[in-house]
Amino acid sequence: MLRRSGRRSKKAGEEEEKPMENGVSPEQGATEVSPEVGRTGDGAPIACSQPSPRVRPRLVFHTQLAHGSPTGKIEGFTNVKELYAKIAEVFDISPTEILFCTLNTHKVDMQKLLGGQIGLEDFIFAHVRGETKEVEVTKTEDALGLTITDNGAGYAFIKRIKDGSIMNHVQTVRVGDSIEAINDQSIVGCRHYEVAKMLRELPRARPFTLRLVQPKRAFDMIGQRTKSSKCLGEGKVASGKETLRLRACGTASLEELPSPWEEAAARSVDDLLESYMGIRDVELASTMVEVARECLSPADFTKSLDSVLGEFAFPGEFMAEVWAAISGAKGGRK
């Protein structure tokens, strides 16, 4: 007895099967019924519904220029550079005009600085380049009293001026000023820790020049000279249980808010970054907490952190203090 092959040749007039695109058939949602499965007792096919794929929510954020502008809408960015590009496109400016962004305030408020997280209801204010100024300073002490951070897109700027320090007596230098050059050497594109190191290594008793760019200010902000204290909870969101996490490497992702112990640990690490390196960086501190969360010992932490953040070349003493701070916060978690 001859058996028919399970493969059926295409007859004239039959429609050729369409290829799949991205793993999905063009007739998505149609259910194909096999001869033995998916039929009732009388042979009638049973309609089977396939689970619909999870749809990624459309995230739209409102934005303005901090010195004043209409409100725009942005979406579709995965990192800070793309965020700046989207804002620049809305307001028809160059992305390089944007110095930094704050959340939910147009003021130069370092406690509201956009870091690695954006709340789903946060309003983004972009601070753009204003006047350029040069100051000459003589370094009479080892420390200038500046805390440096950067915007993740090539600009380092002043986040804090220590009371009573050398720079505190230079009235033209303000929190929010971007450092464009040191002794006519451009530092655009340098990370905050590189700029902080350059400033530390300047020789004492010798004058040096800083070229600064201040953010463009609205009339109600002129004359303001902010002296921010240690920034607690900076870069956190205003509401909601999820945030959009922006990463230096990789794509953005929706994540749950950090737990209380993780927030406390990140603040402690950020304080250590300022103490040891003269920088503040909430995203960097949060990354270090994430790495420590998966480690069982200081040696594991040092090895794991070196694979992720090796370019920082953190000293051993600093690593030990970071591990102790994170372990202390974890031990007292709520």
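Reply:

The chain has six helices and 12 strands, where helices (H or I, at least four residues) and strands (E, at least two) are DSSP runs numbered from the N terminus. This is a predicted model, in which local features need pLDDT of at least 70 and side-chain atom pairs count only at pLDDT 80 or more, while totals for chains, interfaces and linings use all residues. Residues are numbered from 1 along each chain as its sequence is written, and side-chain values use heavy atoms, with hydrogens and water left out.

Of the 334 residues in the chain, 42% are buried; buried means under 20% relative accessible area, exposed over 50%, and partly exposed in between, with a 1.4 Å probe and protein chains only. The chain exposes about 19300 Å², and carbon and sulfur atoms supply 50% of that area, as computed by the Shrake-Rupley method with a 1.4 Å probe, where for residues only the protein chains shown count as cover.

The buried residues of helix 5 are Phe301, Leu305 and Leu309. They cover an arc of only 30° around the axis, which puts them on the same side of helix 5, the arc being that of the directions from the helix axis to the C-beta atoms. An α-helix has 3.6 residues a turn, so residues three or four places apart point the same way.

Turned away from that buried side is a face of helix 5 that carries the exposed residues Ala299, Lys303, Asp306 and Ser307. As for the buried residues of helix 5, what covers them includes helix 4 (282-293) and helix 6 (316-331), with contact meaning heavy atoms within 4.5 Å.

For a buried residue elsewhere in the chain, one may turn to Thr102, which lies in strand 3 (residues 98-103) and has a relative accessible area of 0%. The side chain of Thr102 makes a polar contact with the side chain of His127 at 2.8 Å; such a contact is a pair of N or O atoms within 3.5 Å, and within protein one must be able to donate a hydrogen and the other to accept it, while residues adjacent in sequence count only if both atoms are side-chain atoms.
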